[in-house]
Amino acid sequence: SDVYKRQPLFGCQTIHKNDNQLSKQQEILASQKGLIVNYLNKSVPSMALKELRRLMRLHPKDADFQNLMGLTQLAMENPSKASKYFKNSYKINPRTSVALNLSSAYIEDGKFLKAIQLLKKVNKDKVSENYQYPERIFHNIALAAERNRNHRQAVKYYQVALSENPNYYLSLMRLGQLYEKSKRPLDAQKTFVKAKNSCPKCFDPVSYTHLTLPTTPYV
């Protein structure tokens, strides 16, 4: 998670007092951010919101707090408001994970073409060159296309996502469901088997093909 990545300390190494104070402040901030992530993981966004309102008054330029507020707004089904905070976070510190969260907010807000445009731009951006999970970019493009009823484009990009990571469960599930809707039962069955094998602890995909999988936020 980007939240837990600490920035290296710069400056004169002889000023031990200032360095120690800065390190202590970073530890406190990391602890506060971890608490908010815990609230979100436990599905209590109201507690996350309460903490974030206080902390953001103290640290209005902290990119992580902006991102976490966006995730909190998404959890409260307020994608339009979430978009604002994700944009703020990306402006302060451009990160692919935040751009993905912004695309998720657009998708939940029904702005499918805007999400696709953003993700294609992000995919070409130097910021994403070393991103470890490129399949997530293509998955969200496919999901936006699927929600926009462009199934051909959706199938294409789910397949691209799976070319990056053949065991990516979310793309396997969505692709299998699209094959099923397109009356391609053999392709659907093969894809669901792959999904089940890629995540043995997940629900049986064949039994849950009616479920709509949400976009996945990235802290």
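Student: What makes two rings a pair here?
Tutor: Rings of Phe, Tyr and Trp (its six-membered ring) pair if their centres lie within 6.5 Å; planes under 30 degrees apart are called stacked, over 60 edge-to-face, and the rest tilted. This is a predicted model, where local features need pLDDT of at least 70 and side-chain atom pairs count only at pLDDT 80 or more, while totals for chains, interfaces and linings use all residues. Residues are numbered from 1 along each chain as its sequence is written, and side-chain values use heavy atoms, leaving out hydrogens and water.

Student: OK, how many aromatic pairs does that rule give?
Tutor: Two. Tyr131 and Tyr133 make an edge-to-face pair, with 5.9 Å centre to centre and 80° between the planes.

Student: Is Tyr131 buried or exposed?
Tutor: Buried, at 18% relative accessibility. Buried means under 20% relative accessible area, exposed over 50%, and partly exposed in between (1.4 Å probe, protein chains only). Tyr133, at 34%, counts as partly exposed.

Student: And why is the pair of Phe138 and Tyr157 stacked?
Tutor: Because the planes of Phe138 and Tyr157 are at 20°, with the ring centres 6.5 Å apart.

Student: Where do those two sit?
Tutor: Phe138 is in helix 7 (residues 134–147) and Tyr157 in helix 8 (residues 151–164), so the pair links distant parts of the chain, 19 residues apart. Helices here are DSSP runs (H or I, at least four residues), numbered from the N terminus. Phe138 is buried at 9%, and Tyr157 is buried at 12%.

Student: New topic: what sits over the ring of Tyr133?
Tutor: The charged end of Arg136, 4.0 Å from the ring centre. The rule asks for NZ of Lys or CZ of Arg within 6 Å of the ring centre and within 35 degrees of the ring normal. Lys33 also lies over a ring face, that of Phe65, at 5.2 Å from the centre.
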